Amino acid sequence: MKETGSVLHILGLDRFKITDLIFIPFFVAMYYKMEFFYQSMKIIRNVEIIIPLSCVIMALILIGIKNRFVAWVYYLALSALMFADVAYNNYYFRYLSVGMLRAVKFLFSVRTSVDSAVKSEFYWMFADAGILLILVIADFVIRRITARRKKLENDSIISCDNSDYHETTVLKKIAVFFTSRFSILLAMVLIFVIVINPMGNTTLKSVANQEFMSYHTKDVLEATGIYKDIEWKNELNGSIMKYEEEKNVPLFGVAKGRNLIVIQIESFMNFLINQKYNGQELTPNINRLLKDDTIYFDNYYQEVSAGNTSDSEFATNNSIYGTINSFTYEIYQDNHYKGLPWILREHGYETAVFHAYKKDFWNRDKAYPNLGFQRYDSRGDFKKGEKIGMGLSDEDMFDQVIEKMKHQREPFYDFIITLTNHYPYYMPYDKYNIELKKVDKNTTFGHYLNSAHYTDYCIGKFIKKLKKEKLYKNSIIAMYGDHTGLTKADLLIKKSMDRYLQHEYDYDVMLNIPLMIHIPDKKRNLEQKINTTGGNLDFMPTIAALMGIDKLDTFYLGHNLLYVKDNLVANQYYMPKGSFIKGDIIYVMSRDGVFEHGRAFDKNTREKIPLEQCRDYYKKSTAIINASEEILEKDKLRGKYEHYLYSAFDSPGSDTVKKH
Ligand code: GP9
Ligand code: MN
């Protein structure tokens, strides 16, 4: 029998029974899971606030859901999201975003990579959900038994006092609402205050970027366009698009009229170049090339965004960043572009991409026509041959590309993307030619050295064949690594690299990719090392000058690295937005997005640098990335280049005209 007048009843708290205390073990387990989650996410700032906050938000929501089975399903779904977050973070060092859900199909395509990223301990993310299920079932059974006993009692005692029990007063309704849905409401208010942060509080900003529920809410709001956290500041001060001035270098036009062959080498890092490991040269073929007619940029850094490989090619060809909101080739596939392929077409070039992998991977087949590539040979256009890892081996791919090149009209611009040196770098045993130290055997680092060494061999063979087929002398061959191959977020990789480098493995080495531009020239000695800081965005203005292009009539954000001395590389992936590399200085924005929480160091001395020295460059780094995002979002090139309304896209054997 209920006491309708009791305080508990008025507050609606009589909904909860003493038996509900059986859920206490779950809440304890949830606390430890949260601790484990943030530890796996490698979040270190404000965890003393973030962990209890996540528990409180989660508890408020769970308590608010009346049906306990529904509450369990909800919690299981959130646990699955946490699992996905830690797996993604383990490689990319950031939370998953709604935009990246579009890329799930691609992540599944590189299954071996995904499998390796999922560590068995991540399954602990489901442990407390398991406990909750057991308790929900136990609670259900207890309730059933109690209800049956009550019914029996009621049947034997003739009671006429039942009317009050069913009576639902307004007071009671409000009370029930406040103690059930109200808790959900309270959780939502909490999250929104953190996300919107009306007073611009630094701690709240830090929490919003790191706390599980707040981060995902903010991400959903941003993805749906309800909320935007982009402050557009014009910090660029007219320092961009200065080709007219920057083209004036001694080597201007040294490769005028030649074929351009660009090799984007999968996961190829600069630390490999000119290095010996265990007495063996890691990249003998490339090293030999550097000694002869090659301009080698050793302070070149990746400037990729969420589209990883595809953004490396995008930034290289267009001199703007890809978007962080998902992968550029999909959300901006219909934009208008005027990058290197279009510019070279204006100069009479035929443009083609060769990549022996799935045609629609990273949505390349849809994106390339707008980027100005007339031909795209993907997996289906290559003969079946030797397979390593994800597909056709680099050696076989290069052999087949040479055959294709022989039939191309000159001058051509060929963009070749390699594949074998892809995470997790497994190859057949007979391809392992670097003798590993015991400690590096069966490690990602060890596999990587071997697979990079293999790709170097393939490049050497390719250059020989170019010579044999008389395609060499009249070409300019540029090569660069698309992005890092060894993430320091993976602690085993970091340990191997710390040992190899004999200092802490950090972003200066991790994001450093080589750029090598080889210009065969009998009369001159072109070989030189340029150590100006640069990145993917600088490729277009640099190569354009070497190829004697007079005008870069487009929007772009890079610089000619043969001209500038003082350059800045902005980053937003791996290193969070706001980070930059400038000369010897590396500033790493904190993951909570607060400038003062970042760290800066000198890559030579490895000593800390006072943050105040970095503030202006941090603003510039943010501005350059915002400028890029704005170019994409507003499709800025469209207005200026209406005459590109129609682009011819000739897939092999067809001459379809694609309207875009
Ligand atoms: C597949 C290749 C791999 O086509 O470009 O992409 P990644 O996984 O390195 O971004
Ligand atoms: Mn890649």
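Is K461 buried, partly exposed or exposed? K461 counts as partly exposed, because its relative accessibility is 24%; the cut-offs here are under 20% relative accessible area for buried, over 50% for exposed and partly exposed in between, with a 1.4 Å probe and protein chains only.

Before going further, a word on the model. This is a predicted model, so local features need pLDDT of at least 70 and side-chain atom pairs count only at pLDDT 80 or more, while totals for chains, interfaces and linings use all residues. Residues are numbered from 1 along each chain as its sequence is written, chains are lettered from A and ligands numbered from 1 in the order in which they are written, and side-chain values use heavy atoms, with hydrogens and water left out.

**The charged network**

A search of the whole structure turns up 29 salt bridges, a salt bridge being a side-chain nitrogen of Lys or Arg within 4 Å of a carboxyl oxygen of Asp or Glu.

| Pair | Closest N and O atoms |
|---|---|
| K461 and E395 | 2.9 Å |
| K461 and D399 | 3.2 Å |
| D399 and K465 | 3.4 Å |

Through shared partners, E395, D399, K461 and K465 end up in one network. K461 sits in helix 21 and E395 in helix 20 (residues 394-405), 66 residues apart. Helices are DSSP runs of H or I with at least four residues, strands are runs of E with at least two, and both are numbered from the N terminus. E395 counts as buried because its relative accessible area is 15%, whereas K465 is partly exposed at 26% relative accessibility.

Contact means heavy atoms within 4.5 Å.

Two strands pair if DSSP finds at least two bridges between them.

What about strand 10? Strand 10 runs parallel to strand 1 over 5 bridges, and L260 stands opposite Y413 in strand 10. Strand 6 (residues 350-354) also pairs with strand 10 in the parallel sense, over 5 bridges, with T351 opposite Y413.

F297 has L515 as its bridge partner in strand 12.

**A helix crossing**

Finally, helix 4 (residues 68-92) and helix 13 (residues 212-223) have axes that come within 12 Å and cross at roughly 85 degrees. That makes helix 4 roughly perpendicular to helix 13, a label that covers 65 to 115 degrees. Y74, L78, L81, M82 and D85 in helix 4 meet F212, M213 and H216 in helix 13.

Notes: Axes are lines fitted to C-alpha atoms, for helices over the stretch in contact, and angles run from 0 to 180 degrees between N-to-C directions. Angles under 35 degrees count as roughly parallel, over 145 as roughly antiparallel, 65 to 115 as roughly perpendicular and the rest as oblique.
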